[in-house]
Amino acid sequence: MPVTNPVKKLELKIGADLLVNHGPALANNKTIRNYVVNRVENRMMTTLRETRKGHKYNPGVNDDRTAAGLALVRTAERALQNNLLSKAALRGIFDIAVKDLFIIQGERTACERFKEQYGTHPPALLLISPSKACNLRCTGCYADSGVNPEHLEFDIVDKIVTQAHDLWGSRFIVISGGEPLAYRSQGKTILDLAEMHPDMLFMFYTNSTLITDDMAKRMGELGNLTPAISVEGWKARTDERRGAGVYDKVLASMARLRQHGVPFGVSLTATRHNAEEIYSEEFMNFFMFEQKALYAWVFHYMPIGRKFTLDLMPTPKQRAWMWKRSWELVREKGIFMMDFWNHGTLCEGCIAAGRDTGGGYFYIDWNGSVAPCVFNPYSPVNIKNIFAKGQNLNDMWADPFFAALRKWQTDYKPENILMPCPNRDHNKDLRKLLDKYEPDPIDDNARAAMLDPEYAKGLDEYDAEYKKLSDQVWKTYYERPQDIRETELGKLPDLPHAA
């Protein structure tokens, strides 16, 4: 709720100014830092005890959210202890966070205006792939990227970002590709985009091979960019998929980013062949603690894009094992990671199509096609056409196909939320929506998948098999009180790894 009391508004403004101007210096003070970390952790645990006592939400879901929050706090503490953030990065993070937490509370926000008009929350972020161009040609690329001129003009990209900020209150933009660092339009790059929007944070998925020392230096000076660097596993696995020598280039890029105080993470694609490798103790220790990545995003291979196949997806048994292993890493090692298909408990399931309950997002590709999700490649509208008609992102959001998918998210009452994905986990439901609303496949690969009866049959069989396993996990772990749940967790079968 907006703060209307003028004295309280002044207090918030003074507190915000203090944090923006002096927060980075305070964060580097060990005594103050330890005090703040302890207070935050104690508050999280107090909140967890209160929710358990009051029987709010599902007990296992509460525990997951607390564990992820604690891991985030510990990650921030490691970043400060190891001086991993440039002064600009520290200031940028404080500035963006404080504006959300303090300054805008005193005013009528973009989010509140959206809710007044539409009766629901606006999307929280956008994922934009401004270019299909890439300097690599990786096996099974979801975007089918390569040497390709397809791209969005910079003024269109800038307009999208500006409207996300002004209409939705978004402060977080994700850039994908192609290779984002290969994007060039109207003499501008994604670094220029970040410079033009200093009160927004830009994360971009990158193979990192184009990161030069000068580029890393500029990122450190800007302070509002964070690369999520793709690796497939150890050197042999990464070079096999991405090309000879790529793994060594990744490590060299990470060294440059550390030198210039640019926070970075890793982006991991789990397949049937590498799931155990990327979740291993040795691999996680190397990238999260030796290379000092601050976060890890895990994407299960999805059967879309170049030469899509169901055979590369982690098996249902592997996926259930990955659920258990991922939470071990979060809880025991304090690693901030998101396994997007196994951690539905953190975001209440699917966030595609700008989900009504908050935290939702959209995907916009290099042709301007707008899709519910990068892994749900069907588009009813094009952002260039929206702008040409004098409309804006709110008109895009209101499209009937997107509205129907949001209604599915609201109406769907799962027995568990470990199966969040309409495409992967509920393909039959998605096919019904595709038949009714007839959105355009964003490319020939998406069209082929939509029309292939064997593809649909294979995903339906996958869904049914994984439902049996995930239901067991949900009933054994999530629906039990804490003491019983922790005992029962050890009794879960040692789910088989790779088939």
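This is a predicted model: local features need pLDDT of at least 70, side-chain atom pairs count only at pLDDT 80 or more; totals for chains, interfaces and linings use all residues.

Reader: Why is the contact of Glu277 and Arg237 called a salt bridge?

Author: A salt bridge requires a side-chain nitrogen of Lys or Arg within 4 Å of a carboxyl oxygen of Asp or Glu. The N to O value for Glu277 and Arg237 is 3.1 Å, so the pair qualifies. Glu277 lies in helix H11 (residues 275-278) and Arg237 in helix H9 (residues 235-242), so the pair ties together parts 40 residues apart in sequence; helices are DSSP runs of H or I with at least four residues, and strands are E runs of at least two, numbered from the N terminus.

Reader: What makes Glu277 buried or exposed?

Author: Buried means under 20% relative accessible area, exposed over 50%, and partly exposed in between (1.4 Å probe, protein chains only). Glu277 has 18% and therefore counts as buried, whereas Arg237, with 26%, is partly exposed.

Reader: How do you know that strands S3 and S4 pair?

Author: Pairing requires that DSSP finds at least two bridges between two strands. S3 and S4 (residues 225-231) share 5 bridges in the parallel sense, so they pair. Within this pairing, Met203 stands opposite Thr226 in S4.

Methods: Residues are numbered from 1 along each chain as its sequence is written. Side-chain values use heavy atoms; hydrogens and water are left out.
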